[in-house]
2 protein chains.
Amino acid sequence: MKEQQIKFYYKNVTESVLGGEHGISEKQFAALAAKTEPLIEQLNAQRKAGKTRYRDLPYQTDTVKAVKAVAAQVKWCENFVVLGIGGSALGNIALQTAMNPFMYNLDDKQRKGCPRLFVFDNVDPLQLSSFLSWLSDNLDKTVFNVISKSGRTAETAAQFLTICQMLEEKLGKDSLKKHIIATTDSQQGTLRKTADAFGLTTLQVPDGVGGRFSVLSPVGLLSAAVCGIDIDRLLAGAAEMDKKVSQQTFYKNPAAVNAAINWHYYNRGKKISVMMSYSYALKDFADWYRQLWAESLGKAKDLSGKEIFVGPTPVKALGATDQHSQVQLYREGPNDKLFTFLAVEDFGVDVKIGAAPDIAPELDYLSNQDMSRLLNSERAGTEYALLASKRPCLTIAFEKICPYTIGQFIYLLETSTSIAAMLFDINAYDQPAVELGKEATFALMGQSDYAALAEKIKPFAQINDSFII
Amino acid sequence: MKEQQIKFYYKNVTESVLGGEHGISEKQFAALAAKTEPLIEQLNAQRKAGKTRYRDLPYQTDTVKAVKAVAAQVKWCENFVVLGIGGSALGNIALQTAMNPFMYNLDDKQRKGCPRLFVFDNVDPLQLSSFLSWLSDNLDKTVFNVISKSGRTAETAAQFLTICQMLEEKLGKDSLKKHIIATTDSQQGTLRKTADAFGLTTLQVPDGVGGRFSVLSPVGLLSAAVCGIDIDRLLAGAAEMDKKVSQQTFYKNPAAVNAAINWHYYNRGKKISVMMSYSYALKDFADWYRQLWAESLGKAKDLSGKEIFVGPTPVKALGATDQHSQVQLYREGPNDKLFTFLAVEDFGVDVKIGAAPDIAPELDYLSNQDMSRLLNSERAGTEYALLASKRPCLTIAFEKICPYTIGQFIYLLETSTSIAAMLFDINAYDQPAVELGKEATFALMGQSDYAALAEKIKPFAQINDSFII
């Protein structure tokens, strides 16, 4: 049986389509290949040296066993709530939207015995109080999965403390063991020691895998398994892509070509990278990608320490919806964007459009047509319109949306990110700039260690009346 | 009683905070005022001449009566489904997220007798088939509001035809009158004639108000009223802001100052405009704004017809969530962004964070604190960190989120858009670039009038094997 694949398609960035000013010439492609091929080799060597541990996640068979065991253990619950943020939430949301029905949480039938899924990745009092009000009637049927490597992430810690208190008050101290799964460091940190003290079931956030590269670890796998997603096939798809993106030959390696094209355009003033999904199911992967790309590639310094302040700005868009919102700008605004379309060849199901009434023959072209044809015509039509305005377009086409192709997609983009960072000569795996905001939050929350910083922040945080309208 | 207000705050774009390279000096502000004040006068004159009809929407008392009558007429339904796209969906979604609870659709208690709300703004077969499957069990309790000025918008027409057929098949031809409300042109077009032929209840899309400026017309008001939102207060808030944004004095006019600051930064290489909401409730207004700003300001030609290809790229972000996704880039990437924070002073409700356990004293700073303090500390902390990296920050602060302040906010941004377009010397109210994509869709759907275009598209739409990996 031939497996379902994803395909990376790049003709519509070439000079033959876009002309010399905005297209990539054969000579430029040759230069990109020459620049990138040694980096592929270097990345493969780094991987062997254990420096890119996310690359090994498709092969963690013991981990998968552990995840499945925990998923089986919580089979009784009717609601599964992830408490996490950033890399401990975006992948979970993306997997769910991609592979479960739109009406999953609202329609018992379509959920097929799996629990509802909620992913809480914020500390908004209005949003949270609405959820907690509902939860208080449903707490005994709910399991929480708190995800944090350290346990010190303020948002996740705040949610965790709040849920612990609610469980204790409503169901007793002993209920924590039954109702909370902690995904955290194997040895140390606030959540590890708390989980051990409370006797919680735990799964591990693997060492050496940053949050934004962790979706194929227990971080992303548990909620997926609980919601009926085939995680074996997900990892098998990633393993399949591993072969392709380890290829030393530039033109055979989709991650290398993707990274090189992105880097090329960034250097020529196209600093915005739009991922436009023509599939509702894939829309939250555009959001996941937004973190992966922005945190990995937005860096002030190169590897030698020189200040460079680089980084493409990722933007998510959804077709056909955003044709009625963003395409005017995409075609007539500055030519400062590279577009990556997510396309689906076979949606697996379809909806037949109703027949136009006799009085509206202008709608006959829609009568009894498949919705999939309409959506894919809109995608091709929009791409054509962008090309007419000389805007470069890549496409990642899914033969079908399924765990196997989603696994490929995740692994392709993660490896593209590693290679892009090498082209930019930056560190893909740190995020030094988020520290100051965290410290400022500590200061503003009244942590005594940060009193001096609190004083420094005051003039900026206090609203000055003479600049208010 | 003092009414709740929104406040526009701009100190953190000034030279005194950001320094000379990235801050706006007093001299530059004076120049902006001199440039903008005549435009305010011009806009006020245009308004009197009936050229900016959206400005009159707060005062349409007959329309509001008609909307309320229709809302009362459908009080029996349990599900209300908007069929629209772009300006006929984004405002509806934004109003709902802003003013109804997060768990509205899932929690009967929190819905307080109002119907569930669904806004369908896409033609994705996977998403739609999931919805239709649920709907087939709930059709008799469902009302649809199809919104289109012309009725020829492909996505809305496709949904409308599909729903009509489903209603006819399941509930009989006569059911359309009971189950569909059409919001459309008062006189002409495909949806008007169809609605009249079917005997549907209708509301009007007012003349001279473009889709992206129509949220305060029946387009946005009906679903809001049906879901229990006080539309009188919404319009009263807009009317209150009308006074402010009609002010001839630059420094007293928040729309003028906002537009001028945006224009100033665009001309100095900050071509990305990030709206970062520190409120889940306001997050979909960032999406609504994204259409307003992009379609109005992304233009190839100035008013004299000269090619200029301008337009800031609006980006939506959500705090605190995106601190763990985008802030690394926002601080260390290129200094090419202007940030607008949406802040909430009083969330109306709060959540008390649980107490830290004895073994985790490092979390004591969170114990028994209010979530609102945490969220607002994160906002102030993030702004401080951005300012430390010399990134300009505006804030729109809501004393509270309620219909009155939301009305102000909508009107402020709409008028800001008009003034910004005048500064860019472009037409804010057209969208010529979306036509080609529409025609290409017709061609690809097999419309015979577009056969020649279909031939032209073929080489771009067909995937060429030699560029696939």
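Is helix 16 of chain A mostly covered or mostly exposed, and how many of its residues are buried? Helix 16 is mostly covered, with 22 of its 22 residues buried; a residue is termed buried if 20 or more other C-beta atoms lie within 10 Å of its own, exposed if 12 or fewer, and partly exposed in between, with C-beta atoms placed from the backbone.

Before I continue, a word on conventions. This is a predicted model, in which local features need pLDDT of at least 70 and side-chain atom pairs count only at pLDDT 80 or more, while totals for chains, interfaces and linings use all residues. Residues are numbered from 1 along each chain as its sequence is written, and chains are lettered from A and ligands numbered from 1 in the order in which they are written.

As to confidence, pLDDT is the predictor's confidence in each residue, from 0 to 100. Chain A has a mean pLDDT of 97, and 99% of its residues reach 70 or more. For the complex, the predictor gives an ipTM of 0.97 and a pTM of 0.98.

Let me return to helix 16 of chain A. Helices here are DSSP runs of H or I with at least four residues, and strands are runs of E with at least two, numbered from the N terminus. Helix 16 has 22 residues and spans 32 Å from its first C-alpha to its last, close to the expected 32 Å, where the expectation is 1.5 Å times one less than the number of residues. Just after this helix, A:Asp425 takes a positive phi of about 60°.

Next, the domains of chain A, whose bounds come from an automatic or database domain assignment. Domain 1 comprises 6-49 + 233-355 + 363-424, domain 2 is 61-205 and domain 3 is 432-467. The centres of domains 1 and 2, taken over C-alpha atoms, are separated by 32 Å. In contact terms (C-beta atoms, placed from the backbone, within 7 Å), 13 residues of domain 1 meet eleven residues of domain 2. On the domain 1 side, helix 13 (283-297) and helix 16 (403-424) each give two or more residues, and helix 13 provides the largest share, six residues.

Finally, the chain interface. Here 130 residues of chain A are in contact with 130 residues of chain B. Helix 15 (residues 371-388) of chain A gives the most to the chain A side, with 15 residues.

In chain B, B:Lys337 lies in strand 11 (residues 337-346). Why does B:Lys337 count as buried? Because it has 23 C-beta neighbours inside 10 Å.

Methods
Two residues are in contact if their C-beta atoms, placed from the backbone, lie within 7 Å.
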